There are 2 protein chains.
Amino acid sequence: MITVWAPDGVGEVRHGDDLADHLLGALSECDLADGDVVCVTSKVVSKAEGRDVVGDRAEAIVRETRRLVARRGSLSIVVNRLGLTMAAAGVDASNVETGRVLLLPEDPDATARRLRADLLERTGAGVAVVVTDTAGRAWREGQTDIAVGAAGLRVLDDHAGRVDPYGNTLAVTAPAVADELAGAAELAAGKLARRPFVVVRGRGDLVLPPGEDGPGAAALLRPEGADLFGLGAREAVLAALRGSDDDRAAFGGPADAVELRDLLAGLTGAEVGLVDGAIEVVSEDGRTGWVVAVAAYAHGWLVDERAPVGVRLRPITT
Amino acid sequence: MITVWAPDGVGEVRHGDDLADHLLGALSECDLADGDVVCVTSKVVSKAEGRDVVGDRAEAIVRETRRLVARRGSLSIVVNRLGLTMAAAGVDASNVETGRVLLLPEDPDATARRLRADLLERTGAGVAVVVTDTAGRAWREGQTDIAVGAAGLRVLDDHAGRVDPYGNTLAVTAPAVADELAGAAELAAGKLARRPFVVVRGRGDLVLPPGEDGPGAAALLRPEGADLFGLGAREAVLAALRGSDDDRAAFGGPADAVELRDLLAGLTGAEVGLVDGAIEVVSEDGRTGWVVAVAAYAHGWLVDERAPVGVRLRPITT
C-alpha cells in the first residue's frame, strides 16, 4: 500500500523562505517517517530561491535554452540549461504574478539534497526528496509531472539481471520511479490548489540511507548522443542539409560501418564498399554524392576526401 | 490523500479467465468503492484473452508494427497496431513461459469497458478501469507505466481555460492523469511480484458516472500529423532523402508558406518568393534545387512543376 498525501495550508512561498519551515508547518497533523519521499514542485523551489523575475517570457526562454529541438508555430521544444527537453525551456508564467516569469531552480538536485538534510536534522526522519515539474511528452497528449531534482532516492529501480517468476532475465527494465513518484504527487496535489508538497509513503525500499544522496534526477537525462529523438523530424532534416557542427550530437555517435554501407547502397543504388574502415561510394553523379553526404552527416560520418571515383566517408571521431 | 493498493494473492491468469473473478478474489479484505480506479496490467489482460502465443519475437514484432519510427542496433521503436509508439511494438517476452511471446490486447479500451461493467454489476461500485503497460520515453532514461486502455475515466484532466489563483489562464495544461495513475500503480505493484491489479482511491473526481465510459486511452495518442517526433532524427533524414509517401504523415501537415519561404531562403541563400500560394526558388544550381526538394518534403510541400527558373513548390493537400 502506498499513500500519497498533499497537505493543505501551505502559505505563499517567498524569496528567501525556508522550504522545510513551510512543509513542517503544514504537516502538524502527521510526522515524517523514515522511508518517506517528500515531493516539492519546482515552482515553490524557484520562488524560495528568487528565480521569480520580472521580465519577458520569450527572452527568458532564450536565456535558459541550450539547444533548439523542435519548433512548430509558437511552440518551441528545447534542451534547457539543466539538460531537460521541455517546451518553453521550462520557463513558467502560471501561478506567478502577472508580468513575472519563473525560471527553473539553478540546481534542483542540490536543492533536493539541502531539503533532505534539513528535514533529517529537524525531524530525525531519513526521507528522500524529489523536485517535480510538468513536462510534455513525444507521441502522447497531455503532460505528466517528472523529477527534475532528487536526493536520497534510487531514481531508477534497475531490474537489469533480475529474473522474473518464470526464469526470464529482465534485461532492460528500469522503471523511472522518480518520475512515477512525481506523477503520483501531481495526482494528489492537483494543479490549481496551493499544495506544493506531497508525502509518499510505502516505497521506503527506494530511499537511500542518510548520507547517501544517490545520483539525483540528472541520472534520468538520456545523454544527447544516446537519444534517437534529439531533434524533431523536420529539424533533423534541416540540420542534416545544413551539415553544421551545432546539431551533430543530436544525431548520436558514428553509425556502424556495415549498417551505413548497406543503407547508402539502398538509398542511392550506387556501388558502396568498405575500404580500410572508410566507406567508398562509386558514382560520378552529383546528386548521389550529395545524398550520401547528407545521410552520412546524420549517421555521424563525414565526407573525408574525394575517392578516385565518387565519395569517401570516415566516421567522426572527435 | 490518495491510496494505492496492490493486492497479493492473485493466481496465475490463464486464457479464458474472468478478470473480475481474479480481482475480487484477491480483494476479499477490502471492497471496491464508487470513484475507485482499478488498474490492471496489459500482461494479464493479454493472458486472459489468449494473446500469449508460441512464436518468434521478431516475427511477432513485424506483425504488430504499423510503421517504423527509429532503429539503433537491436532496438526498434515503432508505431504499433494500436497507435502506441513503443520499443519492440509492445511485444513482451518477460513474465511469460520461455519460448512464448505476449501480444498486447486486441482492443484494450474495450477490455477496460467490459471489466468496468462487470465490476459494476458484481459489486455495485462505479469504478474506472485503466489497462497499463510499460513504455520508454524520448529524452529520459528508464520506463514508466502508461495507460493503453481506459474506461470511465477522464484520461486528461483538462485545465484549458481555467484560471490559477493569480488570475493567469492555464491555457495548455492538461495532466495526462491516466498515465500518472498507471505510474502510481506500477510503484505500488512493482515488476517482480505477481500483483497485476491495483486499486487507486482518492481521485473519484476523475471517474465518470456509470454508463459514461469516456474517450478511452486512445485519446492520449497524439495524432501522427500533430507530433513533432514521428521519426527518429536519423530516420527523418533518410525518409526525406527518399521522399517516399510512406513516411509523409510522420512530418505533419504542410508548413506555413511564409515560414517555409524564410527557411528555404536561409538554407540556400537563393531568392525565394511567394506567388499565388506557391513558393518559387530562383536558382539554376542543381544542388540548391535538391536541398529545396528535400526540405520541402519534410515540411509537407512538394515540387510541383519547373518554374521558368528554379523550383516551384505547392503544399500537399491530399
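User: In which sense do β1(A) and β12 of chain A pair, and over how many bridges?
Analyst: Helices (H or I, at least four residues) and strands (E, at least two) are DSSP runs, numbered from the N terminus. Two strands pair if DSSP finds at least two bridges between them. For β1(A) and strand β12 (residues 197-201) of chain A, the sense is antiparallel and the count is 3 bridges.

User: Which residue is the bridge partner of A:V4 in β12(A)?
Analyst: The model is predicted, so local features need pLDDT of at least 70 and side-chain atom pairs count only at pLDDT 80 or more, while totals for chains, interfaces and linings use all residues. Residues are numbered from 1 along each chain as its sequence is written, and chains are lettered from A and ligands numbered from 1 in the order in which they are written. In β12(A), the partner of A:V4 is A:V200.

User: How many residues does each chain give to the contact, and which element gives the largest share on the side of chain A?
Analyst: Two residues are in contact if their C-beta atoms, placed from the backbone, lie within 7 Å. The contact takes 79 residues from chain A and 78 residues from chain B. On the side of chain A that touches chain B, the elements that give two or more residues are β1 (2-5), β4 (65-72), β9 (143-151), α5 (177-189), α6 (233-242) and α8 (286-298) of chain A.

User: How many residues on the side of chain A that touches chain B are nonpolar, polar and charged?
Analyst: Ala, Val, Leu, Ile, Met, Phe, Trp, Tyr, Cys and Pro count as nonpolar, Asp, Glu, Lys and Arg as charged, and the others, Gly among them, as polar. By that division, the side of chain A that touches chain B has 43 nonpolar, 18 polar and 18 charged residues.

User: What relation superposes chain A on chain B?
Analyst: Copies are superposed by least squares on the C-alpha atoms of residues with pLDDT of at least 70 in both. A rotation of 180° with 0.0 Å of shift along its axis superposes chain A on chain B, with RMSD 0.0 Å. This is the relation of a two-fold axis.

User: Why do the copies meet through the same surface?
Analyst: The copies meet through the same surface because the interface residues of chain A are also interface residues in chain B to the extent of 99%.

User: Is A:R140 buried or exposed, and which residues of chain B does A:R140 touch?
Analyst: A residue is buried if 20 or more other C-beta atoms lie within 10 Å of its own, exposed if 12 or fewer, and partly exposed in between, with C-beta atoms placed from the backbone. A:R140 lies in the loop between β8 (128-136) and β9 of chain A. With 22 C-beta neighbours inside 10 Å, A:R140 counts as buried. Not counting residues up to four places away in sequence, A:R140 touches B:A176, B:L220, B:L221 and B:R222.

User: How many residues of strand β2 of chain B are buried, and which of them point the other way from B:V37?
Analyst: Strand β2 (residues 37-41) of chain B is mostly covered, with 5 of its 5 residues buried. B:V37, B:C39 and B:T41 point one way, and the residues that point the other way are B:V38 and B:V40.

User: Which strands of chain B pair with β2(B), and which residue in β12(B) is the bridge partner of B:C39?
Analyst: β2(B) pairs with strand β8 (residues 128-136) of chain B in the parallel sense over 5 bridges, and B:V37 stands opposite B:A128 there. With strand β12 (residues 197-201) of chain B, β2(B) runs antiparallel and is joined by 4 bridges. In β12(B), the bridge partner of B:C39 is B:V198.

User: Why is α5(B) described as largely enclosed?
Analyst: The helix α5(B) is largely enclosed by the rest of the structure because 13 of its 13 residues are buried.
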